[in-house]
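Welcome, and please open your viewer before reading on. We will go from the whole chain to single residues, one selection at a time.

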Amino acid sequence: MIHKEHLLAIGNDRLRRLATYASIAVATILIAAKLLAYFMTDSVAMLSSLLDSTIDLIASLVTAYGVASALRPPDREHRFGHGKAEPLAALAQAAFIVGSSVLLGYEALSRFYTPHNIEHEPIGYMVMVLAIVLTIFLVVFQHLVVHRTHSMAIGADRLHYVGDLAINFAVIASFALHQVTGIEWFDPLFAMAIAGGLTFSAWHIAMHALHVLMDHELPEADRAKIKQIVKAQAKVRGIHDMRTRSDSDRIFVEMHVEMDGDMNLRAAHKVADAIMEAICKEFPGADVLVHQDPAGLEEDRLDTQIASQGH
């Protein structure tokens with residue numbers, strides 16, 4: 001069993017690596033088991049599950065590379081760090097998933113015209129039960145890791161494996177319906193439904209990754225919280241041109257803070273430090289940049305430009 005106390009003793013970076021290793025191990029085991037089951041059953045639903053596990057392995061390898069890259073510290077060429085390697089890995093996962101869905105849909109359609117009889121169903125049942133058990137353990141572990149580290153790549157991997165659970169149950173259902181009714185088109189029908197579900201998962205993963213890669217603003221509730229923290233400082237007169245983004249596990253905040261124009265630089269610096277400390281307390285690991293402005297200064301502001309666009 002996975003216990004939270006054990007996870008607390010492991011550093012976040014190591015925990016993220018362990019999650020990628022676990023997904024690679026599970027995918028490898030399931031590919032071997034499902035390949036044997038497919039040759040014995042000749043089920044297109046089993047083929048869909050085998051194909052999905054193969055994509056899982058490729059995606060998990062991409063995730064492992066993305067996580068390893070994202071954990072590298074800032075360097076001369078990447079002073080913001082390498083955090084966007086994770087959404088890039090998630091985007092690659094989405095592409096793999098869409099490709100597998102198209103191939104699976106094509107195979108399922110062909111089976112409608114040339115149905116194949118499913119054989120050795122007990123083997124199929126055993127393999128799918130194994131897949132469900134291993135996937136449940138993996139998803140629970142990934143959930144705990146994402147909750148603690150906020151890793152986007154592992155979150156995308158988890159979403160895919162949650163979809164795998166539905167796929168595995170669908171394969172069992174196709175076996176059962178074929179066994180009870182003898183109708184052969186249940187097998188390709190479930191395969192087509194699985195392909196549709198995979199495509200939907202890919203869309204969700206891709207949109208989330210693109211938001212990060214395109215520097216999408218944080219949710220309005222988080223922005224409001226940051227502004228509330230800044231305005232709570234006694235010597236702050238106002239705040240404008242706040243910009244926020246994330247790179248999967250860190251957030252970046254830039255803002256102009258208005259203070260008394262007669263305040264000396266040392267005092268203004270202390271106010272800025274207090275603001276950064278308060279924001280980092282609410283958002284651990286945040287990278288905060290405060291530009292200090294004298295209150296009442298007339299200047300061309302980003303807020304004004306955005307307001308004029310009607311956004």
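Predicted model: local features only at pLDDT ≥ 70, side-chain atom pairs only at ≥ 80, totals over all residues.

Residues are numbered from 1 along each chain as its sequence is written, and side-chain values use heavy atoms, with hydrogens and water left out.

**Stop 1: the whole chain**

Switch to a cartoon view to see ten helices and three strands. Helices (H or I, at least four residues) and strands (E, at least two) are DSSP runs, numbered from the N terminus. Starting at the N terminus, the order is α-α-α-α-α-α-α-α-β-β-α-β-α. Of the 311 residues, 43% count as buried; buried means under 20% relative accessible area, exposed over 50%, and partly exposed in between (1.4 Å probe, protein chains only). Contact means heavy atoms within 4.5 Å. Among contacts between residues at least 6 apart in sequence, 75% join residues at least 24 apart.

**Stop 2: the nonpolar cores**

In soluble globular proteins, nonpolar side chains tend to be buried together. A nonpolar core is a set of buried Ala, Val, Leu, Ile, Met, Phe, Trp, Tyr and Cys residues joined through side-chain atoms within 4.5 Å. Select Met46, Ile97, Met128, Val171, Ile194 and Ile205: they have the most contacts inside the largest core, which has 33 residues. At least two residues of this core come from each of α2 (12–41), α3 (44–70), α4 (85–113), α5 (121–149), α6 (152–181) and α7 (186–213). The largest share, eight residues, is supplied by α6. Next, pick out Ile229, Met255, Ala268 and Val288, which are among the 21 residues of a second, separate core.

Zoom in on Ile205. Leaving aside residues up to four places away in sequence, Ile205 touches Ala90, Ala94, Ile97, Ala156 and Leu159.

**Stop 3: Ser23**

Is Ser23 buried or exposed? Ser23 is buried, at 0% relative accessible area, and belongs to helix α2. Show its neighbours too: not counting residues up to four places away in sequence, Ser23 touches Ser60, Leu138, Gln142, Asp157 and Tyr161. Now try a distance: the C-alpha atoms of Ser23 and Val139 are separated by 9.0 Å, although these residues are 116 apart along the chain.

**Stop 4**

Most residues other than glycine have a negative phi, and most peptide bonds are trans. Select Asp215, in the loop between α7 and α8, where phi is positive, near 55°. Asp215 is partly exposed, with a relative accessible area of 34%. Then move to Asp241 in strand β1. Asp241 also has a positive phi, of about 50°, but at 10% relative accessibility Asp241 counts as buried.
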